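The structure comes before the details.

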Amino acid sequence: MGTQKKIMVLCGGKFAFPALQLLAYEKFICAIGIGKGNDTITDALERESEDSNIGFKSFPNKKSISEMRSWIDIVQPDYVFCISFPFLLPEAVLSYGQDKFINFHPGPLPQYRGSMPIFEVLKNQETETAICAHFMNSKFDEGNIIFNDPVTIEKGDTYGKLTVKLSERMAQVTLNMANMLQFASQIPSQPQEESLSCYYEKPELSDTYINWKRMTASEIISLINACNPWNNGADTTLQGEQVKIIVASLLEESHNNQSGTIVSFTDTVNIACVDSKQIAVEILSTDIGILTAKQFAELKSILAN
């Protein structure tokens, strides 16, 4: 078996916690680095690291990455795992060792490069996503693939639900990778198929805004789920007011209304879609606050009187 491999983990916060706990329990972790973490999470990780006699360093901004190489040289890990680490690692860091840096991307590669693949797979109505383990180079998400570990997207999965599911799965995937490095005689390394590649920039308002004239009811539901909770819902205008729809379901009832108009108020706000179906809005966010559809309907009738 040889001596236990020493792994440094660079992470971006809470998403990596299940993986950190499992890798620490299995005695693989020698140090943890956190990038851009909020104070509460950073302090908690630092305390845990001290208690477990594990090295710890915070990288609050891009400038602080210049201190990373000297820290790695002191710690001397066998491998460095990255889980949602927010900064690109420069050549000065990567030159520590060929194929020593492994990133765990929460989406299939090369089809879903970029910082928020969880949003993109949901918006695009995929039925499956993946955690992709790949060697790192000096470009985001472009290094050779070790494996894509598939994860099913369930009907009704939101950004939050899928993130938690991937975070829990990440623990097992990173442990599998650590065991592979410990015991396997050879690690797979497959160049990415560039003809299949797609890089998604961080979503902007145009990506989170409901286009009633173009989007079908199921596409709108998928966008709403993809925006919950990170964007507090999908952006739209209802009765002249900027709102965010947080929770909605498909209503298989035809209509003769212009898409984007309210067909009826019941316990839900029912809105006409371009494919003659409706969506039933259950919860939305307004300037007043987060409201149920019933509260919104009552508010609107009060304003109308």
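What percentage of the 305 residues in the chain is buried?

## Overall make-up

Buried residues account for 48% of the 305 residues. The model is predicted. Its chain contains 9 helices and 15 strands. Along the principal axes, the C-alpha atoms fill a box of roughly 75 × 40 × 30 Å.

Among contacts in the chain with a separation of 6 or more, 62% join residues 24 or more positions apart.

## Helix 1 and helix 6

Helix 1 spans residues 17–25 and helix 6 spans residues 159–183. Their axes come within 7 Å and cross at roughly 35°, and the crossing is right-handed. On the side of helix 1, the contact is made by Pro18, Ala19, Leu22 and Leu23. Helix 6 contributes Ser167, Glu168, Met170, Ala171, Gln172, Thr174, Leu175 and Ala178.

By class, the residues of this contact are 8 nonpolar, 3 polar and 1 charged.

## The largest pocket

The volume of the largest pocket is about 1200 Å³. Its lining consists of 39 residues, and those nearest the centre are Ser84, Phe85, Pro86, Ser115 and Met116. At least two lining residues come from each of strand 4 (79–83), strand 5 (101–105), helix 5 (117–123) and helix 6.

The lining of the largest pocket divides into 21 nonpolar, 13 polar and 5 charged residues.

## The second largest pocket

The second largest pocket has a volume of about 440 Å³. It is lined by 21 residues, with Lys155, Gly156, Ile221, Ser222 and Asn225 closest to its centre. Helix 5, helix 8 (217–226) and strand 11 (241–251) are the elements that give two or more residues to this lining. Strand 11 supplies the largest share, with 5 residues.

Which classes make up the lining of the second largest pocket? There are 8 nonpolar, 9 polar and 4 charged residues.

## Elements at both pockets

Terms used: Residues numbered from 1 in each chain as written. Predicted model: local features only at pLDDT ≥ 70, side-chain atom pairs only at ≥ 80, totals over all residues. Heavy atoms only, no water. Axes fitted to C-alpha atoms, helices over the stretch in contact; angles between N-to-C directions. Helix = DSSP H or I, 4+ residues; strand = E, 2+ residues; numbered from the N terminus. Left-handed = near helix turned anticlockwise from the far one by under 90°. Contact = heavy atoms within 4.5 Å. Nonpolar A, V, L, I, M, F, W, Y, C, P; charged D, E, K, R; others polar. 1 Å grid on protein atoms, 1.4 Å probe; cavity = no way out; pocket = protein on both sides within 12 Å on 5 of 7 lines; lining within 4 Å. Points joined across faces, edges and corners; volume = space filled by probe spheres on them. Buried < 20%, exposed > 50% of the residue type's maximum accessible area, 1.4 Å probe, protein only.
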